[in-house]
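Let's walk through this model together, starting with the overall picture and then stopping at a few places worth a look. Keep the viewer open as you read.

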Amino acid sequence: MAGAASKKSIARTTVALGAMGAVVLAPMLTPALPALAQEVAQAALDPIVIRVGGNRDFTRVEFAGVIGARSRVRREGQAVIVRLGSTAAPDISRLRNDPPPGVDKVETRAVRGATELVLTLKAGADARSGVADGAVWLNLYSTDKAPPPAAAPAAPAGGVVPVTASTHADQATLKFQWNAPVGAAVFRRNGAVWIVFDAAAKLSLPKSGRTLGAAGEARWAVGADYTVVRVAAPEGMAVSAKGQGGEWTITLGGPGELAETQVEVSRDDAAHTALVAQMAGARRAIWLTDPMAGDRFAAVTALAPGKGYGSERKTIDATLIPTAQGLAVETPADDLAIRVEGDRVVVSRPNGLMMSAPSETLETAAPEAGAPTKAAYPALILSQWADLHGMTFLERHSQLQAAAMAETLRADTDPNAPIEARMAFARFLVGSGLEFEAIGVLNAIVRQSPGMQGEPELRGLRGAARAAIGRDEEAAADLSSGMLAGDPSMNVWQGYLASRRGDWEAARKSFAAGASAIDQFPEIWRARFGTAHARAAMELGDLKAAETLLAYVFSQGAPAEDQLAARLVQAALFEKQGQSDRALAVYTAVGRAPLDGLATPGRLGAIRLKLAKGQMKPEEAAAQLETLKWRWRGDATELAVIRTLGDVYLSQGRYREALDALRRAGKQLHGVSGSSEVQAEAAEAFRALFLDGAADGMQPIQALGLFFDFRDMTPVGADGDEMVRRLARRLIDVDLLDQAAELLKHQVDTRLEGVAKASVATDLATVYLMDRQPEKALQALWGSRTTLLPTAMNSERRALEARALMDLGRFDHALETLDRDVSAPAQDVRAEVFWKQQKWAEAARIYEQRLGDRYRDTATPLSADQEARVVRAGVGYSLARDAGSLGRLSRNYRPFIEKARSAAAMRIALDPLSGPEAGSGDLAGLTAGVDTFAGWVQAAKADFRKSTGA
């Protein structure tokens, strides 16, 4: 595979996340936590883990791992959409191949900065979602096992919810007895305690208000789907809430008690910045207006048992105030959105909340002495990051890793722990060429402090590390983050990625935009960027710039591997400059390198030039290329080898090998730069074979086999139809009618619609009639009926349908089909029908009419078809005892007897004495010997030749 000659660093990869998350924590684990340790280690390796299980009632799908645990779930009609904060699509083969009951289909789609998993539910199916044990879960219920709708909280008999109020010393208690579980939110705001239920009902508490001792007056109101109680309470009065099922007890005053669990709130920068609260049993947000202040705020209810939010969190757009139960959100914004997604509550605005950068909320710590410091640009790599400061590599690595581990332990309990030691360790790893390990450290930071996803240096450094190891799509996702917009170091990496995917214009623009940062990179990266930029300039025809850039590369003192990569670009530049001898010398030298990734393109360049110079025969080149295509796999180099091999095979007339090589490359290397061009070349070769006549020298049956083996390359539209018609004509010429019919039927059944389908089906019906299969002819015609066909095609199809009916003995139906059509094909069929019905006079008149004034040109012999019509007309007039018409026919066509193919037949048919009194034996024999079917077949073959230009 590409990159098979991996660096030594890969061999000693330890995956820092695994080391920091598993090895360091191992001494602290108790025997009761081995499963947790294993899961942490697995999460370090797998950002997204999908688990599926089920019972007879529902199927549960869990999303765990670093990214899976931060998934978001939303519902859009029959679609359940799980947003995963990763551009790498997860493995959903099990879900896709065996969808859970109630799910119609499962698919993924890429969205900006993430991947969405879309589960389309069947009619009547349902889904529930939530968060538990560090994972987001979906419960999927099939059509016949969908859970009943959640019972609406209802008041007991009488329609009133009982409320018990009691006071004792400095404490007041309200107890609400709902008939079913309801969600509640309880909090203090503007001199009052608010109690909000997400169900509408009357309360037994007097609406006019009731004094609750030191707590003051209580008033209640009911909305469309909620009930709210507001109790005046002095500042400093404690509030607590306890719940079980439909019973809620609210206590005001006294010592106060914290809720059984506390709601956790964090920021999420995966798409737009938002606040996310983890609140089990979250129900919905209810927007209220404070009658005293006149402002608008939201209460987010949750089911029992109690859970509250003990602190206040302020942003420019929203404030989360302390609660005894549920959440309460104040906002000056009109477009603040609060979404309840299972056990998650997401507070956001259309363009995200306005919040400070994640790093501004984190503590800073004094870095380890001499630790790698932050670069001037987020995606910049500094050569001094790899300095060992007088230590061995292992000593330096251990020093920085120990400091990072200490931070990691603190971050397990404090998401706002400092990150400087971990970032310093990541810088050291990137600077030392240990990109895999660096990515592990950076991913661990994001896992422990999700807000760091929005830190520019982390995104830039991780993007650089991913680009360095060939994870181009993941690197592009990091480097395209809005927080890096305009950064020159980001532009340099984007130019590098664009060059690798063959987008030369984008590469040049990005390199130009990042020019101010390039010289601050280490020498090895300056050389790599220069090589990529030179390649882009050369491909765009700026040869002078390419030459200058290569000189810059060679001045950097880069390692031999990078210098050889630049020499390959230099050899290609020599080719474009017409210096083929110099190019061949460079290609040959690079081709001897012990690195397959460089030697393969070097040898390929040498083979191409030797072929062009006549220094190598095509047979030898093909043999070497066949060997070469197995030497390096999976990228543009393999594609170039196969492309060249296909060209060599085509030049030798080895069409099957050429098409097979090109088609395989186009499919297997889909997405590699240049794969679309290879597919286009394969299609063009197929077109040349079957449309431009390259395959005409092959035997028809060989051409047919080649066509069927590669028929997926047949273009849609007029060109594809023409290919099939040409090949069918060749098969018809040699009476391979079954094979011709199979070819045409494939087009009709699988590739065509509308007028194009009707046209080819007409040809198919003709072939079936030639092969005396009228039933199949009718099926072809009837199965391709459509409106708005050209008049000529309609007439042709009508005549073929009538001929098929005639062959089946359905004469009256055949005549009904022809109706008043007097075109030449219709008249021929009509005459045949009359002849078979022994309507001699009617048939004879049509035969004579079809001859027209052919009798005037006596110098030119009649064709076989014309002779048959003369004979049929003469016999018909004789059998009808129409002496006058027979005499006229005889006078007009007797001069042709001498040069006729069947002179005896014409003489008998035109003899006036060959009437009934001459005896029926001669006429019967003559009638049996005159078969117009053969003439029709020959005419049909001629039409095929004419329509295909043959």
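Buried here means under 20% relative accessible area, exposed means over 50%, and partly exposed is in between, using a 1.4 Å probe and protein chains only. Before going further, note that this is a predicted model: local features need pLDDT of at least 70 and side-chain atom pairs count only at pLDDT 80 or more, while totals for chains, interfaces and linings use all residues. Residues are numbered from 1 along each chain as its sequence is written, and side-chain values use heavy atoms, with hydrogens and water left out.

Now the overview. The protein chain has 950 residues, and 49% of them are buried. Its secondary structure comes to 36 helices and 31 strands; these are DSSP runs numbered from the N terminus, with helices being H or I over at least four residues and strands being E over at least two. Contact, here and below, means heavy atoms within 4.5 Å. Of the contacts in the chain with a separation of 6 or more, 59% are between residues 24 or more positions apart.

Let's turn to the aromatics. Rings of Phe, Tyr and Trp (its six-membered ring) pair if their centres lie within 6.5 Å; planes under 30 degrees apart count as stacked, over 60 as edge-to-face and the rest as tilted. A search of the whole structure turns up 19 such pairs. Take Trp194 and Phe297: their ring centres are 5.1 Å apart and their planes sit at 80°, so this pair is edge-to-face. Trp194 belongs to strand β13 (residues 192–197) and Phe297 to strand β24 (residues 296–302), so to speak a link between distant parts of the chain, 103 residues apart. Both Trp194 and Phe297 are buried.

Another edge-to-face pair is Trp493 with Phe521, at 6.0 Å centre to centre and 75° between the planes. Trp493 is in helix α11 (residues 488–500), whereas Phe521 is in the loop between α13 (515–518) and α14 (523–539), so the pair ties together parts 28 residues apart in sequence. Trp493 counts as buried at 0% relative accessibility, and Phe521 is buried too, with a relative accessible area of 1%. These two also belong to one aromatic cluster, made up of Trp493, Tyr496, Phe511, Phe521, Trp525 and Phe529.

The charged end of Arg528 sits over the ring of Trp525, 4.6 Å from its centre; the criterion is NZ of Lys or CZ of Arg within 6 Å of the ring centre and within 35 degrees of the ring normal. Elsewhere, the charged end of Arg567 sits over the ring of Phe554, 3.7 Å from its centre.

Next, how do the axes of helix α24 and helix α25 cross? Helix α24 (residues 718–733) and helix α25 (residues 737–750) have axes that come within 8 Å and cross at roughly 170°. That makes α24 roughly antiparallel to α25. Axes are lines fitted to C-alpha atoms, for helices over the stretch in contact, and angles run from 0 to 180 degrees between N-to-C directions; under 35 degrees counts as roughly parallel, over 145 as roughly antiparallel, 65 to 115 as roughly perpendicular and the rest as oblique. On the α24 side the contact includes Leu727 and Leu731, and on the α25 side Leu743 and Leu744. By class, this contact has nine nonpolar, three polar and one charged residues. Ala, Val, Leu, Ile, Met, Phe, Trp, Tyr, Cys and Pro count as nonpolar, Asp, Glu, Lys and Arg as charged, and the others, Gly among them, as polar.

Further along, the axes of α33 (residues 883–893) and α34 (residues 903–910) come within 9 Å and cross at roughly 145°. Leu886, Leu889, Ser890 and Tyr893 of α33 meet Met906, Ala909 and Leu910 of α34, giving six nonpolar, one polar and no charged residues.

Finally, some single residues. Pro255, in the loop between β19 (247–253) and β20 (261–262), is exposed, with a relative accessible area of 79%. Leaving aside neighbours within four places in sequence, Pro255 is in contact with Gln171 and Ala238. Thr173, in strand β11 (residues 171–177), is buried at 18% relative accessible area.
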